[in-house]
Amino acid sequence: MLPSRSMEDDLIELIRTEILDTPETLTPQSDLFAAGLDSMGIMQLLLAIEDRFGVAIDPADLSRDNFSSVAKIAALVAEKQGH
């Protein structure tokens, strides 16, 4: 199952305001690394995802591809939720 639109919206707001702290508009397909996401941001994002969505991301899932866009992060979270 695909992630819900609200999950993508939640992730966009989380990343924009708490991780990147940017007024830049993000879309589900935005390149998060081009927007400024770095390794420290990914670690903050992992903690926030675990807290907000109640899933743990396995170390094996920590790839640049999985965190390159909100759409890919949402798909990973949905997969971990069993959707």
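Helix packing and buried loop residues in a predicted model

Leaving aside neighbours within four places in sequence, L14 touches I19, L45, A48 and R52, in a model that is predicted.

User: Where does L14 sit, and what makes L14 buried rather than exposed?

Analyst: L14 belongs to helix α1. Its relative accessible area is 1%, and buried means under 20%, so L14 counts as buried. Between the C-alpha atoms of L14 and R52 the distance is 9.6 Å, although 38 residues separate L14 and R52 in sequence.

User: Which residues of α1 and α2 meet, and how do they divide by class?

Analyst: From α1 the residues are M7, D10, L11, L14, I15, E18 and I19, and they meet G41, Q44, L45, A48, I49, R52 and F53 of α2. By class, this contact of α1 with α2 holds nine nonpolar, two polar and three charged residues.

User: What makes α1 oblique to α3?

Analyst: Helix α1, residues 5–19, packs against helix α3, residues 70–80, at an angle of about 120 degrees, and their axes are 9 Å apart. Since the roughly perpendicular class runs from 65 to 115 degrees and the roughly antiparallel class is over 145, an angle of about 120 degrees makes α1 oblique to α3. The crossing of α1 and α3 is right-handed.

User: Which residues make the contact of α1 with α3, and how many of them are nonpolar?

Analyst: M7, E8, L11, I12 and I15 in α1 are in contact with V70, A71, I73, A74, V77 and A78 in α3. The residues of this contact divide into 10 nonpolar, no polar and one charged.

User: Which residues of α3 are buried, and what covers them?

Analyst: In α3 the buried residues are V70, I73, A74, L76, V77 and A78, and what covers the buried residues of α3 includes α1 and α2. Just after α3, G82 takes a positive phi of about 85 degrees.

User: Why is S68 called buried, given that S68 lies in a loop?

Analyst: S68 is located in the loop between α2, which spans 39–53, and α3. The relative accessible area of S68 is 18%, and the limit for buried is under 20%, so S68 is called buried. Not counting residues up to four places away in sequence, S68 touches S30, D31, L32 and F33.

User: How do you know that the side chain of S68 is in polar contact with the backbone of D65?

Analyst: A polar atom of the S68 side chain lies 2.9 Å from the backbone oxygen of D65, and the distance cut-off for a polar contact is within 3.5 Å.

User: What makes S69 buried, and which residues is S69 in contact with?

Analyst: S69 also lies in the loop between α2 and α3. Its relative accessibility is 7%, which is under 20%, and therefore S69 counts as buried. With neighbours within four places in sequence left aside, S69 is in contact with P28, Q29, S30 and L32.

User: How do you know whether D21 is buried or exposed, and what is its phi?

Analyst: D21 is found in the loop between α1 and α2. The relative accessible area of D21 is 65%, and exposed means over 50%, so D21 is exposed. D21 has a positive phi of about 50 degrees, although D21 is not a glycine.

Conventions: Residues are numbered from 1 along each chain as its sequence is written. This is a predicted model: local features need pLDDT of at least 70, side-chain atom pairs count only at pLDDT 80 or more; totals for chains, interfaces and linings use all residues. Side-chain values use heavy atoms; hydrogens and water are left out. Axes are lines fitted to C-alpha atoms, for helices over the stretch in contact, and angles run from 0 to 180 degrees between N-to-C directions. Helices (H or I, at least four residues) and strands (E, at least two) are DSSP runs, numbered from the N terminus. Angles under 35 degrees count as roughly parallel, over 145 as roughly antiparallel, 65 to 115 as roughly perpendicular and the rest as oblique. A crossing is left-handed if the near helix is turned anticlockwise from the far one by less than a right angle, and right-handed if clockwise. Contact means heavy atoms within 4.5 Å. Ala, Val, Leu, Ile, Met, Phe, Trp, Tyr, Cys and Pro count as nonpolar, Asp, Glu, Lys and Arg as charged, and the others, Gly among them, as polar. Buried means under 20% relative accessible area, exposed over 50%, partly exposed in between (1.4 Å probe, protein chains only). A polar contact is a pair of N or O atoms within 3.5 Å; within protein, one must be able to donate a hydrogen and the other to accept it, and residues adjacent in sequence count only if both atoms are side-chain atoms.
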